Amino acid sequence: MTKLDEGVGYVDEIEKSEIKKPLKNRPKVKKSARIEWKKSFKKNWELYLLLTPVILYFVVFHYFPLYGLQIAFKDFIATKGITGSPWVGFKHFERFFDSYYFWRLIKNTIGIGVFTLLVSFPVPIILALMLNEVKSLRYKKFVQTVIYAPHFLSTVVVVGMLLLFLKSDGLVNQVIMLFGGNSIDFITEPGWFKTLFVFSDVWQTMGWSSIIYIAALAAVDPAQHEAAMIDGASKFQRIIHINIPAIMPTIVILFILNAGSVMAVGFEKVFLMQNDLNMSTSDVISTFVYRSGILEAQYSFSAAVGLFNSLINFIMLIMVNQIAKKVSETSLW
Amino acid sequence: MRETKTDRAFNIFNIVFLAIVALLVIYPLVFVLSASLSNPQYVLSGELWLWPKEFTLDAYEKVFKNEDIINGFVNTLKYTVFGTILNVIMTILAAYPLSRRDLKGRGFIMAFIVFTMFFSGGLIPTYLLIRDLGMLNTFWVMIIPNAVAVWNIIIMRTFFQSIPHELEESAMIDGAGNFKILWSIVLPLSFPVIAVMVLFYSVGHWNSYFQALIYLQDQDKFPLQLILRQILIQGQTDDMIKATSESFLAQQLSVEGLKYAVLIVANLPMLMLYPFLQRYFVKGVMIGSLKG
């Protein structure tokens, strides 16, 4: 049982016991709780003071936008403000579901998300398992230093490099033509978009993402390997039967986080790789929200589209977490 | 214990495999560096593979003469320095009280903060808020809406919790208040985690373009990444080259060289510091993974 579960159970118990207790005992419970709060506040008022700007920040910049989400169910009129604008129910949602773009956006968003999950997720695990078997510390360190580096490049730089390498007279096409092939329009060809997106992502993130697994592997008890070696297990067998089970909890947790965000395809990179010609495969929900909301100022409509997306993400996360809990007894909460 | 044949084969395969991976990662970076130092003619004709051909610093001269790039560089530096200072202060303010087991309501406050990681109002309500606050197209919009990151609060809180409790308790008995404990006991012990935070946040500021794209309108406030986007992705290089009296072909070449050079300039500070700071970064990921 996780901490949160315990907390919920605890509240239940208090409520039940309060109901059972005779009426006159109830205020006493409340009073002692209040006294405890007072005591804590007196002793630690400085700590609450430190927290004040932080809480203010979260209220203003994170919770107020949640309140503002109601414009998804309204026709937002700037002069009337968020609260004063008239309610319109699910009008904007219906418009989105009926629009020509709906299925295209869903298909692209899920397509990119799933493709990324299938390729970007396992690569760092394999990388970590292999790095873990390197005997020479210097070689290991060298490889690590190299493969972590792209993590520090910005999205603009990575996409910029992609464009430079893949344009019609870029390095890749020069190689293709050297071997007698025809140059390919990678950038504008819709069929190439997902592949480029995912593999440049692997290039940039695989090293950095492997750190967590390397850390988990370092915690494996060497005695297990020694025992297996005496029984004649090969290196490969030991990886399969000792190392992989040892990092399984880490894999599950990261899988939950990644699978839960399958539909949360980030805006930044897609937007930069997008052009008029590859829209049919590159347009995703977040870029659509940006265009219709920020550029075309259809605030209510795009807020509805955004809310639809965040709701799906939230539900996905909870679902994947539940499944993981059942299957492997590892979960986020 | 002696290695078996299969284990030997495995080891050799492993070393070769990792070498290929490392090569695939580093080759594009080396190519960009070489291309930026070469006569662009060879880059366009495909004669450049690894080392610079006809070494020249022309492209860099153009980069450093370009006002937009210099201005973007200065802006980014400003956003990064002030943004990071605010980030680190806010992270400490959040993480220290939440690391104290004797703070009542700490579970609730933590949940209140962590919830925002999983569900947010999204782009449009946030944009409207920023607009109503009058922060559009100001310096502040690059700093305040991202004042603190939840994940980093968790990392720092985990670190604070690992500091032996007795230190704080004995100071308390000596009559030290909470401020004093934080300032003269906890923070001096926290150099590693503060270093990690400075690095995480500053890389984030240096590399971000989204905030600026959404909230900034004036070219003279743009950070370097937006300028890079104009040059590398939108191909807006006309006015940068036109000033010179070169022929059309020469202009094409100049643009090509400039693109490679600007890539290097934008990343140089980061990539040069990185090998020295690597262990701090890795440490940050490790602390985060303990709890995460």
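Domain bounds, as used here, come from an automatic or database domain assignment. By that assignment, chain B is divided into domain 1, residues 1–56, and domain 2, residues 58–291. Before we go on, note that this is a predicted model, in which local features need pLDDT of at least 70, side-chain atom pairs count only at pLDDT 80 or more, and totals for chains, interfaces and linings use all residues. Residues are numbered from 1 along each chain as its sequence is written, while chains are lettered from A and ligands numbered from 1 in the order in which they are written.

Let us stay with the two domains of chain B. Their centres, taken over C-alpha atoms, are separated by 31 Å. The contact between them takes nine residues from domain 1 of chain B and nine residues from domain 2 of chain B; two residues are in contact if their C-beta atoms, placed from the backbone, lie within 7 Å. On the domain 1 side, the elements that give two or more residues are helix H1 (5–36) and helix H2 (40–44) of chain B. Helices (H or I, at least four residues) and strands (E, at least two) are DSSP runs, numbered from the N terminus. The residues on this side of domain 1 are six nonpolar, three polar and no charged. Here Ala, Val, Leu, Ile, Met, Phe, Trp, Tyr, Cys and Pro count as nonpolar, Asp, Glu, Lys and Arg as charged, and the others, Gly among them, as polar.

You will find 14 helices and zero strands. The radius of gyration of chain B is 25 Å, well over the 19 Å that the globule rule gives for 292 residues, so chain B is more spread out than a compact globule. That radius is taken over C-alpha atoms, and the globule rule is 2.2 Å times the number of residues to the power 0.38. Along its principal axes, the C-alpha trace of chain B spans about 80 × 70 × 35 Å. Of the contacts in chain B with a separation of 6 or more, 71% are between residues 24 or more positions apart.

How much of chain B is buried? Buried residues make up 38% of its 292 residues. A residue is buried if 20 or more other C-beta atoms lie within 10 Å of its own, exposed if 12 or fewer, and partly exposed in between, with C-beta atoms placed from the backbone.

Finally, visit two loops. A:Ala297 sits in the loop between helix H15 (285–295) and helix H16 (299–328) of chain A. Its phi is near 60 degrees, a positive value in a residue other than glycine. B:Asn137, in the loop between helix H6 (123–132) and helix H7 (150–161) of chain B, has a positive phi of about 60 degrees although it is not a glycine. A:Ala297 is exposed, with 12 other C-beta atoms within 10 Å, and B:Asn137 is exposed, with 12 other C-beta atoms within 10 Å.
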